[in-house]
Amino acid sequence: MNYNSTRNKSAVVSASQAIAQGISDEGGLFVPQQLPKYTEEDIKALAAMDYRGRAKKIMSDFLSDFSEEEINESVEAAYTAEKFGSDNPAPISYIESGDTAMSVLELWHGPTCAFKDMALQILPHLLTKSVAKTYNGKQAVILVATSGDTGKAALEGFCDVDGTKIMVFYPVNGVSPMQKRQMASQKGNNVSVVAIEGNFDDAQTGVKKIFTNNEIKSKLEKNNMLFSSANSINWGRLLPQIVYYFSAYCDMVNEGKLSLGDKINVCVPTGNFGNILASFYAMTMGLPIAKFICASNSNNVLTEFIQTGTYDRQRQFYTTISPSMDILVSSNLERLLYHLTDGDDKKVSEWMNSLSAEGKYTVDDDVKARIQSLFFGGFCDDENTQKTIRELYENENYLADTHTAVAVNVYQQYAEKTGDKTPTVIASTASPYKFSKSVLSAITDEKLSDDEFTLVDELSKKTKTAVPAPLAALKSAEVRFTKECAVDDMPAVVLESLHIG
Ligand SMILES: *Cc1c(COP(=O)(O)O)cnc(C)c1O
């Protein structure tokens with residue numbers, strides 16, 4: 001299977017090249033030329049496997065220039081019980097008391113307690129193998145822009161992986177204290193972390209500019225290095241996410257919650273549109289998904305897009321209690337547009353140029369109609385996010401983080417508006433302990449401490465749930481990175497850190 005660029009159909013690359021390169025030369029994203037199709041029998045066969053078996057089967061259908069051994073190695077190294085707490089890295093909690101059935105797919109049992117681990121524990125294995133195939137001997141330089149969770153998950157995934165260096169940029173005031181501490185204390189000899197004076201979009205734009213800066217690229221080349229991306233625009237990030245939608249469906253069949261062939265909805269707290277796009281790929285491959293519910297916080301650019309067909313990023317930017325969704329430019333939407341226009345690279349290029357030149361674009365009526373037949377868009381502000389956390393805790397004894405609560409709230413809006421009772425998988429994307437202050441203040445009226453680790457302990461005491469071990473360990477971890485820089489200085493900081501300035 002080969003891959004095209006969303007902005008240039010005549011660019012054709014192999015799977016390993018798509019993963020090694022991250023982004024196409026003209027700025028487009030790599031998409032599979034065709035998708036494998038699974039029948040009900042195929043899904044039944046997946047249901048008989050464990051998570052790793054399902055991952056091997058699905059990934060091998062996409063990574064045609066990887067050997068079976070390479071895929072097995074990557075999967076076995078990534079999804080261990082040691083890293084994810086059990087042999088099922090993505091277990092489901094069922095909330096069934098109301099007249100709607102929510103299956104909460106917990107994607108945060110990995111080493112950094114956020115769903116990014118599902119992809120970033122395996123990406124370094126796929127990436128180093130890809131670089132060895134296509135650019136033998138080069139060192140991969142990973143640049144990451146993060147709104148918090150990606151940064152830590154990428155650092156943890158790439159830490160001391162041979163043949164790689166990783167640099168993470170995060171918005172100085174755009175991540176939680178826990179996220180900041182997680183990144184600033186990262187171990188490893190090939191890692192660095194920099195806070196930038198700007199928001200997530202500034203960080204992401206800064207990284208994209210470095211990727212396409214020919215002067216910097218040639219400096220790297222001279223030094224036998226190559227830029228690559230661990231952001232969710234990398235195909236190697238998306239592919240592992242397709243697996244857990246199939247796996248959740250299989251688990252629900254095995255646990256008697258569904259019969260094979262039954263339809264489900266999925267509801268995803270969305271930022272860069274990677275997670276929800278993975279469910280769209282799963283549906284296109286044959287997983288019976290009826291509706292995609294796209295949940296946003298007050299940065300509701302996607303809600304408006306789904307409702308009107310106009311994507312307009314010129315709006316106020318809100319810093320919310322669900323910071324991993326504080327995004328105005330959802331990069332992976334470009335891939336959806338490519339598929340829904342049946343691969344019209346000219347149109348996609350036009351819209352993306354308009355987005356960067358004028359800050360907005362409007363899709364054609366038929367594309368809008370296709371989007372609306374598949375997607376429901378809704379949003380939830382901070383006040384309602386906290387209200388939802390409290391209700392879930394008091395009524396269902398379920399402790400949700402702020403991002404998951406946004407999804408639950410928007411799902412409830414959807415169920416009320418449509419009366420649809422299709423069983424719905426809610427993607428739960430972070431441990432509540434990653435956002436202890438917001439979660440605790442939602443469920444108690446007591447005055448809260450200013451110290452993050454005191455809050456963690458209080459949350460544990462109040463809810464009688466255990467603090468995840470990696471977060472508990474942070475309390476005594478040494479802070480290694482304190483550097484801050486202006487957005488314009490990012491290129492210089494990169495060159496300096498690689499000692500090739
Ligand atoms: C990254 C992230 C999201 C958004 O996921 P996308 O794939 O970017 O849409 C939601 N919740 C949490 C906790 C995250 O870390």
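Predicted model: local features only at pLDDT ≥ 70, side-chain atom pairs only at ≥ 80, totals over all residues.
Local features require a pLDDT of at least 70 and side-chain atom pairs a pLDDT of 80 or more, whereas totals for chains, interfaces and linings use all residues. Residues are numbered from 1 along each chain as its sequence is written, and side-chain values use heavy atoms, with hydrogens and water left out.

Three cavities of 30 Å³ or more were found in a search of the whole structure; a cavity is a set of points on a 1 Å grid over the protein atoms alone where a 1.4 Å probe fits but cannot get out. The largest cavity has a volume of about 280 Å³, volume being the space filled by probe spheres set on the points. Its lining (residues with an atom within 4 Å of a point) comprises 26 residues, with Phe 115, Lys 116, Gly 271, Asn 272 and Ser 324 nearest the centre. Two or more lining residues come from each of α8 (149-158), α12 (235-254), β10 (264-269) and α13 (274-285), and α13 gives the largest share, three residues. The lining of the largest cavity consists of ten nonpolar, 13 polar and three charged residues.

Of its 25 lining residues, Arg 7, Lys 208, Arg 313, Val 329 and Ser 356 lie nearest the centre. The largest share of this lining, five residues, is supplied by α10, and the classes are nine nonpolar, nine polar and seven charged. The second largest pocket has a volume of about 330 Å³. It is lined by 14 residues, those closest to its centre being Gln 21, Asp 25, Lys 217, Leu 226 and Phe 227. At least two residues of this lining come from each of α11 (214-222) and β9 (225-229).

In helix α4 (residues 68-78), Glu 70, Ile 71, Ser 74, Val 75 and Ala 78 are buried (under 20% relative accessible area, 1.4 Å probe, protein chains only). These residues lie on the same side of α4 because they cover an arc of only 125° around the axis. They pack against α3 (51-62), α5 (81-84) and α7 (123-134), with contact defined as heavy atoms within 4.5 Å. The face turned away carries Glu 68 and Glu 69, which are exposed (over 50%).

Ser 103 is located in strand β5 (residues 102-106) and counts as buried because its relative accessibility is 3%. Beyond residues up to four places away in sequence, Ser 103 touches Ile 92, Ser 93, Tyr 94, Met 252, Thr 424, Val 425 and Ile 426.

Conventions
Helix = DSSP H or I, 4+ residues; strand = E, 2+ residues; numbered from the N terminus. Arc of directions from axis to C-beta. 1 Å grid on protein atoms, 1.4 Å probe; cavity = no way out; pocket = protein on both sides within 12 Å on 5 of 7 lines; lining within 4 Å. Nonpolar A, V, L, I, M, F, W, Y, C, P; charged D, E, K, R; others polar.
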